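User: Please take a close look at the aromatic side chains in this model. Describe what they are paired with and what lies around them.

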Amino acid sequence: MAFVLEIETSFTQKYIKNYIVSIVRRFNINATVRQDKLKIVCAFASEHERLQECLEAIAQELPASLFLKSSKSYENDEKPDKLPELENEYPLNLALCPSCQKEMFDVSSRRYYYPFSSCSCCGGNHSFVTSYPYTRQNSSFKFLAPCRNCQDEQLNVGFKETHEINSCHDCGVPVRLVNKTSERYANDSGSFRTMFEVAAKAINDDKKLLIKTTFGYRVFYKADKLNSESILLMINASKITDNLSLITEEYHALLSIERPILNVSVKNEKLKELLGVNTSYVKYPDEGFSILLSTELQKLGIDYIAYEECNENYKADMIMDYDLEVRSQSDMRVFLNKDDLFIAEGERVSFPSHSFQAKSLVSVAHEYVALPQDEKMLFDNMENFDSISVDKANVLEGISEQFHTKQMTFLQDEASFISVIAEHNAFNKRCVGAYFDEEPSFLYYDGKNVLRIVPPKEFDGSKIVEDIKNLREGSDRLIANLETNVPKIYTKLLALQTKESVKLFEAVAILLGLKDESMRGVTKEAMKFVGKGGIQIDTHVKDNRFDHAAFLASIISYQLAGVSTAILSYSIFESFGDYFNDILQELKGKTKATEIVLCGTHFANQSLFSRMQRNLKMSPPLVNKNYPIGKENAVVGGVFL
Ligand SMILES: [Zn+2]
Ligand SMILES: [Zn+2]
């Protein structure tokens with residue numbers, strides 16, 4: 001007989017499964033642990049005397065994850081006859097698991113205040129990979145020989161079994177802290193602890209500190225220095241809900257092992273004032289350096305600071321670094337509300353990955369590549385691979401490099417669209433969908449090929465004043481009115497015409513007079529609106545294309561009528577939500593499609609997505625599950641075009 005534990009998850013990465021396997025191996029219990037697209041199924045030999053103990057350890061030690069849902073248990077007649085195996089073909093960049101964090105704060109451990117603490121299931125491990133297969137030799141740790149104790153851990157059961165880049169104070173990486181006048185080094189418990197104490201004090205004294213973290217360069221500073229690129233780091237878990245207004249799901253997501261960046265409502269009045277809006281991107285400390293720094297800051301009575309991702313050239317007052325190559329990944333930003341959760345953008349946690357059936361091709365998009373390895377496709381940063389022999393290459397438009405004599409080019413929106421179809425294995429269905437990243441486009445999949453029905457139209461601001469004047473009869477009066485009544489906006493409109501390659505939402509932000517002249521600025525402004533319904537902004541289609549001039553003219557006329565920027569911003573997304581819905585429903589009717597697909601990072605917007613959820617209640621849209629809905633999913637789609 002076997003005792004079966006079944007955990008529901010729609011995420012296919014193996015770290016949670018490996019964590020369970022590690023615990024089971026430690027208790028020496030025969031078991032099978034399988035993972036498919038919907039669940040992790042663990043069947044334990046039920047007669048084992050330590051089974052109860054093992055289950056309790058799983059309940060206690062398993063990190064909380066964004067992607068774990070309900071679990072259930074039952075018995076079946078399986079007879080597991082060996083220990084389950086770890087599946088560590090590639091490492092990820094995750095936050096530290098509870099047991100690695102515990103070790104880092106245990107005075108008696110070999111990793112007390114050691115920022116490179118991690119195990120085979122957690123931590124910033126992918127950052128150190130230089131090529132495949134994943135071994136210490138193919139990592140930036142290759143010049144550091146592990147000490148006897150670390151080797152033992154790698155060879156024996158436990159969380160550090162097979163941990164290729166295992167290290168500790170005795171065999172690890174020394175770190176230096178440098179400012180204009182002094183330099184200090186850390187290579188043991190005492191010196192590391194002092195270094196983080198000194199670093200925290202410097203931040204408290206209004207200094208900016210640049211750290212080469214295990215997730216790449218980050219600059220840390222007090223929250224009163226924040227700017228539009230800053231992310232708030234909530235360093236005191238017990239004070240998070242004093243400062244932020246979170247739904248339960250957001251709170252759990254912040255503390256999960258994936259430690260995503262979330263866009264949430266701010267409660268603290270002082271913070272709202274600093275931000276100039278009432279929402280912010282926030283995160284809870286994730287990797288070793290950030291956690292140790294936060295711990296010391298918390299001792300100084302600080303509950304939150306700010307940081308930015310940057311590079312080594314950032315001019316800070318102080319720098320903490322070391323001699324080891326680190327390849328950072330863009331961070332994971334998650335969209336979540338009561339009903340839905342998806343990855344909005346970023347590489348971390350989604351890449352590398354090994355999924356879908358192998359094909360004899362490479363897909364190249366942005367910095368990523370997909371290539372066949374064993375039975376499946378491996379997706380990761382291009383830098384980690386040498387050449388491979390395949391039948392053809394599918395390459396994203398705009399990449400000029402020649403990878404193969406048989407090379408095909410694909411488009412971002414088409415690739416994103418088909419990546420969703422691939423993730424839902426909807427290849428035998430007809431689908432219509434929208435891609436939205438700056439410019440909206442509409443697509444159709446007939447069960448075989450992808451067709452762009454409404455192609456994206458690049459925004460051209462160079463003649464925008466003329467375009468608005470010629471829009472329809474009387475439109476020239478709108479411009480004349482603007483010039484006399486709101487000369488400030490008129491000047492901005494003129495300035496748009498001379499600016500090079502302006503994006504549509506940049507233009508919107510400029511017209512609205514927002515400080516953050518981007519989609520992000522408009523999104524944040526929209527979150528200020530607390531009323532119920534917005535006003536109708538013109539989102540009509542001319543010659544099968546989105547009409548930019550009509551859209552901007554509509555915004556201008558509301559401004560002339562004195563409508564506030566918050567209502568306008570909110571209404572823009574609400575109107576876009578209706579616009580997408582109208583066209584998608586029409587296309588669905590015409591094509592007899594059964595599925596609606598949404599992709600493109602602009603859908604990760606509370607105002608827009610809630611509108612879409614409301615509009616598409618009867619046929620909930622398909623979105624990516626394992627990959628971001630943003631541009632990163634193109635490398636996945638490239639496999640199927
Ligand atoms: Zn760990
Ligand atoms: Zn060691």
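Analyst: One aromatic cluster is made up of F436, F442, F505, F546, F551, F573, F576, Y579, F580 and F603. The model is a predicted one, so local features need pLDDT of at least 70 and side-chain atom pairs count only at pLDDT 80 or more, while totals for chains, interfaces and linings use all residues. Residues are numbered from 1 along each chain as its sequence is written, chains are lettered from A and ligands numbered from 1 in the order in which they are written, and side-chain values use heavy atoms, with hydrogens and water left out.

Over the whole structure, a search finds 43 aromatic pairs (ring centres of Phe, Tyr or the six-membered ring of Trp within 6.5 Å; planes under 30 degrees apart are stacked, over 60 edge-to-face, the rest tilted). One of these pairs is F116 with Y322: the ring centres are 4.8 Å apart and the planes stand at 85 degrees, so the contact is edge-to-face. F116 belongs to the loop between α3 and α4, and Y322 to the loop between β14 (318-321) and β15 (333-336), so the contact ties together parts 206 residues apart in sequence (helices, H or I, of at least four residues and strands, E, of at least two are DSSP runs). F116 and Y322 are both buried (under 20% relative accessible area with a 1.4 Å probe, protein chains only).

Another pair, F351 with Y627, is tilted, with 5.6 Å from centre to centre and 55 degrees between the planes. F351 is in the loop between β16 (341-345) and β17 (353-357), whereas Y627 is in the loop between α18 (606-615) and α19 (634-637), 276 residues apart. F351 is buried at a relative accessible area of 1%, and Y627 is buried at 2%.

Charged side chains also meet the rings. K212 lies over the face of Y322, 4.8 Å from the ring centre (NZ of Lys or CZ of Arg within 6 Å of the centre and within 35 degrees of the ring normal). At Y281, the charged end of R333 sits over the ring, 4.6 Å from its centre.

C150 in helix α4 and C168 in the loop between α4 and β5 (175-179) are 18 residues apart. The relative accessible area of C150 is 0%, which makes it buried; C168 is likewise buried at 0%.

Finally, an open sheet of 4 strands has mixed pairing in the order β25-β24-β23-β28. β25 (450-454) and β28 (595-599) each have a single partner strand and stand at the edges, so one side of each has no neighbour in the sheet. β23 (residues 431-437) and β28 pair in the parallel sense over 5 bridges (at least two DSSP bridges are needed for a pair), with C431 opposite E595.

Notes: Buried means under 20% relative accessible area, exposed over 50%, partly exposed in between (1.4 Å probe, protein chains only).
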